[in-house]
Amino acid sequence: MTGILSGFILSLAVLTALGAMRARNLFASVMLMGIFSLLMAAEFLLLDAPDVALTEAAVGAGISTVLLLSALALTGEEEKPQPRPPWIGLAAVIIVTAIVFYAVKDKPMLGDPNTPVQTHVAAEYFPMTREFVDIPNVVTAVLASFRGYDTLGEVIVVLTAAIGVLFLIGPEAPVGRKSPPTLRQASEGLKHHQPVRIVGKIAIPFILLFALYVQFHGEYSPGGGFQAGALFAAAIILYGLLEGRPAAASIIPTRILRIMAAGGALIYGGVGVVTLVLGGNFLEYTVLNDDPVVAQQFGIIVIEAGVGITVAGVLLAIYHAFAARGET
Amino acid sequence: MTIIDWISGALGVFGGFFVLVGGIGALRMPDVYTRLHASSLTDTLGSLCILGALMLQAGLSLATLKLAAILIFLLFTSPVSSYALGNAALLSGYEPRQLRTLEREKRP
């Protein structure tokens with residue numbers, strides 16, 4: 001049954017991807033990519049990876065769609081016609097596809113217990129989680145404790161992306177430029193659309209509550225800082241879409257967003273430095289408390305908070321950077 | 001098969017039927033507004049029926065509560081998203097098809 005459903009979802013995903021490539025209208029492409037992300041989230045859920053599914057649904061289908069739409073509002077709706085057929089690109093795609101199909105032959109079956117993925121470190125993580133961290137969600141233990149160093153790198157990557165975007169298009173609106181009328185709505189929001197506003201405002205508190213749940217319940221159920229940060233940012237962006245970007249900026253000013261983006265990463269790295277000072281290794285949480293298990297859990301909660309703050313700050317800063325360009 | 005199973009099965013079939021009709025309507029109708037009309041109304045009713053069927057199957061449990069939350073969420077958001085879609089179509093200048101043909105007939 002799962003196989004049939006999975007095949008159905010994957011075929012739909014392929015069709016959606018083809019549609020996104022074929023569409024000349026870029027808005028349609030962006031929407032199809034959002035649907036593609038949602039389908040992939042469903043597929044991840046079928047593969048028993050709810051943490052990844054949650055991230056994919058929140059970031060891929062939600063926030064990146066909004067970011068791409070606000071980027072499109074700055075450029076144009078229609079794809080530019082290609083001057084000549086892209087033969088080199090076509091050849092590259094065909095060759096890479098052939099290689100991928102060839103490599104698929106060597107791929108182990110899904111769930112094969114003898115693959116390196118199952119036998120190498122994964123087999124040790126499960127007893128280690130029970131012994132050292134004692135939380136039900138092994139993904140959180142791996143992500144935040146055993147592989148805490150990698151996750152720190154991911155947070156830095158997210159922060160670097162925000163710095164790059166803000167350098168390229170600037171945190172503030174350019175002065176003295178008239179904005180095209182299509183953008184006027186981006187800054188004014190949907191003030192004249194009562195049904196959307198009312199229902200949106202009913203939804204926002206629940207999204208925020210759910211974000212906090214995902215943040216602080218991440219040890220017990222799927223979720224954690226990345227997903228919670230994306231959900232939190234989605235709630236604020238929804239408010240910005242309804243009431244106009246300046247209203248969203250008055251909740252959390254862009255200055256504070258930049259502090260959040262850097263501060264979250266600072267909290268994460270700071271925990272590592274504190275463990276160093278207390279005599280442990282970098283990000284070795286066990287030295288934070290007399291009881292090593294409690295210390296592990298404490299460390300995980302603190303660094304997950306750092307992750308959430310950084311992700312929310314970065315996503316909102318990028319949203320403001322794009323949307324502010326439309327204002328005169 | 002208890003009576004609850006029968007009711008839930010009937011609700012599920014109803015829901016599936018409405019969703020199918022909505023899908024056919026969205027493909028076959030001539031312009032944005034009629035397509036929206038076909039898909040939005042049936043979508044709301046269809047998902048309502050299917051969620052009702054699932055709730056009957058789940059019985060009195062936490063799953064029913066979650067399904068009820070999803071149901072309320074869909075009841076709020078699904079019509080509003082259709083409204084926003086129709087409004088966006090109107091704002092970007094799509095005229096209803098019937099209006100266009102009427103205007104063409106008025107002209108000599």
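The exercises below, each with a worked solution, concern a predicted model.

**Exercise 1. The make-up of chain A**

Describe the secondary structure and the extent of chain A, and state what share of its residues is buried.

*Solution.* Begin with the elements: chain A comprises 14 helices and 0 strands, so that listing them from the N terminus gives α-α-α-α-α-α-α-α-α-α-α-α-α-α. Next take the extent, for which the C-alpha atoms, laid out along the principal axes, occupy a box of roughly 60 × 50 × 40 Å. Then turn to burial, where 34% of the 328 residues in chain A are found to be buried. Finally, consider the contacts in chain A with a separation of 6 or more, of which 72% join residues 24 or more positions apart.

**Exercise 2. The span of a helix**

Decide what span helix H6 of chain A should have, and compare it with the distance between its end C-alpha atoms.

*Solution.* Helix H6 covers residues 122-133 of chain A, which is 12 residues. The expected span is 1.5 Å times one less than the number of residues, and therefore H6(A) should reach 16 Å, with which the 15 Å between its end C-alpha atoms agrees. Just past the end of H6(A), Asp134(A) adopts a positive phi of about 60°.

**Exercise 3. Two residues and their surroundings**

*Solution.* Start with Gln297(A), which belongs to helix H14 (residues 292-324) of chain A. Leaving aside residues up to four places away in sequence, Gln297(A) touches Val133(A), Ile135(A) and Glu219(A). Its C-alpha atom is also 9.6 Å from that of Ala144(A), although 153 residues separate Gln297(A) and Ala144(A) along the chain.

Continue with Ile204(A), which is part of helix H10 of chain A. From Ala92(A), Ile204(A) is 112 residues away in sequence and 45 Å away in space, C-alpha to C-alpha.

**Exercise 4. A helix pair within chain A**

*Solution.* A pair of packed helices is described by the angle between the axes and the distance between them.

**Exercise 5. Between the chains**

How many residues bring chain A and chain B into contact, and which helices pack there?

*Solution.* Count the residues: 6 residues of chain A are in contact with 6 residues of chain B. On the side of chain A, these are 5 nonpolar, 1 polar and no charged residues. For the geometry, helix H10 (residues 194-216) of chain A packs with helix H3 (residues 62-91) of chain B at an angle of about 145°, their axes being 10 Å apart, and the crossing is left-handed. In this pair, Pro195(A), Val196(A), Val199(A), Ile202(A) and Ala203(A) meet Phe76(B), Thr77(B), Val80(B), Tyr83(B) and Ala84(B), a contact of 9 nonpolar, 1 polar and no charged residues.

Definitions and conventions
Residues are numbered from 1 along each chain as its sequence is written. Chains are lettered from A and ligands numbered from 1 in the order in which they are written. This is a predicted model: local features need pLDDT of at least 70, side-chain atom pairs count only at pLDDT 80 or more; totals for chains, interfaces and linings use all residues. Two residues are in contact if their C-beta atoms, placed from the backbone, lie within 7 Å. Ala, Val, Leu, Ile, Met, Phe, Trp, Tyr, Cys and Pro count as nonpolar, Asp, Glu, Lys and Arg as charged, and the others, Gly among them, as polar. Axes are lines fitted to C-alpha atoms, for helices over the stretch in contact, and angles run from 0 to 180 degrees between N-to-C directions. Helices (H or I, at least four residues) and strands (E, at least two) are DSSP runs, numbered from the N terminus. A crossing is left-handed if the near helix is turned anticlockwise from the far one by less than a right angle, and right-handed if clockwise. A residue is buried if 20 or more other C-beta atoms lie within 10 Å of its own, exposed if 12 or fewer, and partly exposed in between; C-beta atoms are placed from the backbone.
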